Each structure stands twice: as C-alpha cells, then as structure tokens.
Amino acid sequence: MVRSMFAAIAGLKTHQSKMDVIGNNIANCNTYGYKTSRATFQEALYTTTTHSSAGTDTYGGRNAAQVGYGCKLGSIDKIFESSTPAATGQGSDVMIEGNGFFLVGQKLPTGVDGVNPKQGAAEDGGNQNDITSLLLTRVGNFGVDSDGYLVDSQGYVVYGFGYGADVTYPLPDDAQIDETNLVPIRIPLAEGDTTGGGIQLEEGELPQVSITINADGTVMAKPPNGETFSIGKIAVANVPNTGGLEAVGSYYSIGSNTGIVEAFNAGDGNTGQLLTGYLEMANVDIANEFADMITTQRGFQANTRIITVTDQMLEELVNMKR
C-alpha cells in the first residue's frame, strides 16, 4: 500500500521541478535573448511481480505484471528558436536573425595571439586558444570601453576577425582582415603624433569615435570630423547541437555534446544575418506557460490526493482492532 505513497511523493517532486522551470520562463519573459526551457517527465523505477513467459503445449503465454514507483524528471530542454526583434535605435545594438551566437570572453592572456575559429582545430601558426575558452550569447548590446575594446553589458570583450595586434590608427592602405584568428575587436591606437578626425592625437592615444555595426558584422568607427573606417568583423558561431550548450547566467558555455563549434562571418556557415539597432526578445509564449502552469498545478494537486487517500487507508488498517 505504501508504494502509492512513494509514487505520489515522486510525482510531487517532479511537478515542483516543472513549476520551477515554468516560473523561470515567466520571470524572464522580458529578458533580451532569453530562450525558454521545457521540462519533460519519464517513468521511474518498476517492481516486477510476474515476468512474461512464452506459451507451452499446455498453457498460453503470460504478460509481465509490474508496479511503478511514480515519475521523475526526464530532461530540461532549451528551445533555441528565434524570437522577434525589439527596436532600440542604438547603432551598436545588433541581433542575429537566424541561427548563431556571438562570441565573448576575457581579454587574451599575455603571449596568446588569438582563438582558433574552429573547435579542436590544429593551430595554423602562432599560439591560439581553443574556441571553448569563449562564451556564447544571443544578446548583442555592445559598446566601447575606455580602452577602445568592443564589450557587452557585463564587460566581456567581443571576439571577431580583426587586422592583427600591430595595426595602428590611421589604418594602412594594405590592411587586411585575418579570418583565421579570432581576436577581441578594438579601436586601434594612434601611431606617433598624428591628426585623427581633426583632433591632434599623441602616440598610443585612443581616437574618439562612434560605433555602428553593419549587417555583415563589420564594425565601423566614425571620428567626429574624419572618414569612417572598419575596425573588424563580429564573428558568429555555428553550434550543430544547441541542446548541448550549458547556461552560465545569460551566457552559454560549449559542452562536450555540442558538436564541432566554428566561427564564421555573419550569414556564412548556417549562421544568420545581423540586424542593426535591434535586440532579440525572449521567445517565451506566455499563453503556453500559463496553460502548462495550470496542468502542472492540477497534477501536483492530484498527487496530494493520492497521499491523503493512502493515509486514510493506512488509518483504517491500524484501526482494524479496536
């Protein structure tokens, strides 16, 4: 008789976990770039009272008889389908229209030239970190810090394809973007005493520019009175199995079940184009979440009834002898 008690307790715990997932979805319904989660159940342990047997010359076959012990949490899946754009009017805000993720992380350690665009690929000259050292995000609210780095709202530098560590302002005419190495995107510092945008710059000084991002990921810098120039391209990572990503706050880390993650220019490698001046809204369906909340509440309530009825039966059992 107490099996029903334990089955109901397992059901209560599982429904509570699903309610936690639903609550988190609703709490993040206005969080930029949030991807909704879905909790699924599966059957738990079974006790076999009778095994199945084949028929004989005398008797027919018998099916197995099993008693279950409730349910358990099967999986919590992230739904990575794209959501609708929200206009911000900021030229440095950008949204991925389709698949893909921005790559952000800490600045490169001393002696490291960059990050290899393909996970697990052999180094093509130089000292490169693996792409797994970076974090992924769908939120493109970028800006420039006091050192000229393109950063997100949490201070992580944005990685992409640049001109190399030695490039200076103004850019040489023969400067070429290196697409074999991911580096933090940064405004180049002045080389010697020079005039930038009508402003006298000293050697190593940072030009004062405004930033805009094109649909192909090119980051354009505009001095107050000078010619607009490119400082690099934002890379977009393709993840074969997005379900293998692990959430780290509002970011995702590359896990062992994601497949080979590789960085591309926006629009290449099954990645999406970029929309400038927009951020991606959460893909939470409030109506669906409320429907799930009602069914989860009723399931929780039904399991409490099993506990109540089982308790009444046990009470009758202990009161048989008065």
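**Helices, a strand and a loop**

User: In which helix is F6 found?
Analyst: This model is predicted: local features need pLDDT of at least 70, side-chain atom pairs count only at pLDDT 80 or more, and totals for chains, interfaces and linings use all residues. Residues are numbered from 1 along each chain as its sequence is written, and side-chain values use heavy atoms, without hydrogens or water. Helices are DSSP runs of H or I (at least four residues) and strands are runs of E (at least two), numbered from the N terminus. F6 sits in helix α1.

User: How far apart are the end C-alpha atoms of helix α2?
Analyst: Helix α2 covers residues 286–318, which is 33 residues. The expected span is 1.5 Å times one less than the number of residues. That gives 48 Å, and the model agrees, with end C-alpha atoms apart by 48 Å.

User: Is N265 buried or exposed?
Analyst: N265 is in strand β22 (residues 262–265). Buried means under 20% relative accessible area, exposed over 50%, partly exposed in between (1.4 Å probe, protein chains only). At 11% relative accessibility, N265 is therefore buried.

User: Which helix is included in what covers the buried residues of α2?
Analyst: The buried residues of α2 are E289, T296, G299, N303 and T310. Their cover, counted by contact (heavy atoms within 4.5 Å), includes α1.

User: What is the C-alpha to C-alpha distance between G91 and T276?
Analyst: G91 lies in the loop between β5 (85–87) and β6 (94–97). Beyond four places in sequence, G91 contacts I211, T212, I213 and T276. G91 and T276 are 185 residues apart in sequence, but in space the distance is 6.1 Å.
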